Amino acid sequence: TSYSLEEIKKMPARKVITTIQCGGNRRSEFENTSGTQWDIGAISTAEWEGVPLCHLLKDKNEKFIHLEGYDGVKTSIPFKKGANCDEDVLLAYKMNNEELPRDHGYPLRVIVPGYVGIKNIKWLKKITLKMKK
């Protein structure tokens, strides 16, 4: 199933306040690590607005939700996390009551409260469901 951004914005929305922290936060304090050498600044809190992912997953019973951004970043979350409407997983198009800024994932970002930053995919390109075996 494909949805345009306009179609997503017409769906019932929800707001969630959550803190996102990069898994590499404070990486600069360790020797011989790869990736961006973050100090203590890779963390922030914002109010996100968008469509609960669970609304797009009704009547499905899969194992994983694979997420891919236009920048090539790929990750996955358990299906039960994204399909549970009590978990607040969003397809966000607003941040702090404004259109999502480009550096925070415009036009669409996945927000996964309680999970490390890399699971909150920016510039969302595709969602793929993996069936249970």
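User: Which strand does Glu68 lie in?
Analyst: Glu68 is part of strand S3. Helices (H or I, at least four residues) and strands (E, at least two) are DSSP runs, numbered from the N terminus. Before we go on, this is a predicted model, where local features need pLDDT of at least 70, side-chain atom pairs count only at pLDDT 80 or more, and totals for chains, interfaces and linings use all residues. Residues are numbered from 1 along each chain as its sequence is written, and side-chain values use heavy atoms, with hydrogens and water left out.

User: Okay. Is Glu68 buried or exposed?
Analyst: Glu68 counts as buried, at 16% relative accessibility. The cut-offs are under 20% relative accessible area for buried, over 50% for exposed, and partly exposed in between (1.4 Å probe, protein chains only).

User: And what is Glu68 in contact with, leaving aside its neighbours within four places in sequence?
Analyst: Val73, Lys74, Ile121, Trp123, Leu124, Lys125 and Lys126. Contact here means heavy atoms within 4.5 Å.

User: Switching to cysteines. How many disulfides does a search of the whole structure find?
Analyst: One. It joins Cys54 to Cys85, with an S to S distance of 1.9 Å; the criterion is a pair of cysteine sulfur atoms within 2.5 Å. The two residues are 31 residues apart and link distant parts of the chain. Cys54 sits in the loop between strand S2 (43-52) and strand S3 (62-69), while Cys85 is in the loop between helix H2 (79-83) and strand S5 (90-95).

User: Which hand does that disulfide of Cys54 and Cys85 have?
Analyst: Right-handed, because the torsion about the S-S bond is about 105°.

User: How accessible are those two, and what about Cys22?
Analyst: Cys54 is buried at 4% relative accessibility. Cys85 is partly exposed at 33%, and Cys22 is also partly exposed, at 27%.

User: Now the backbone. Where is there a cis peptide bond?
Analyst: Between Tyr106 and Pro107, with omega about 10°. Pro107 is in the loop between strand S6 (98-99) and strand S7 (109-111).

User: Let's zoom out. How many helices and strands are in the chain?
Analyst: Two helices and eight strands. Along the sequence they follow the pattern α-β-β-β-β-α-β-β-β-β.

User: What share of the 133 residues is buried?
Analyst: Buried residues make up 36% of them. On contacts, residues 24 or more positions apart account for 60% of those with a separation of 6 or more.
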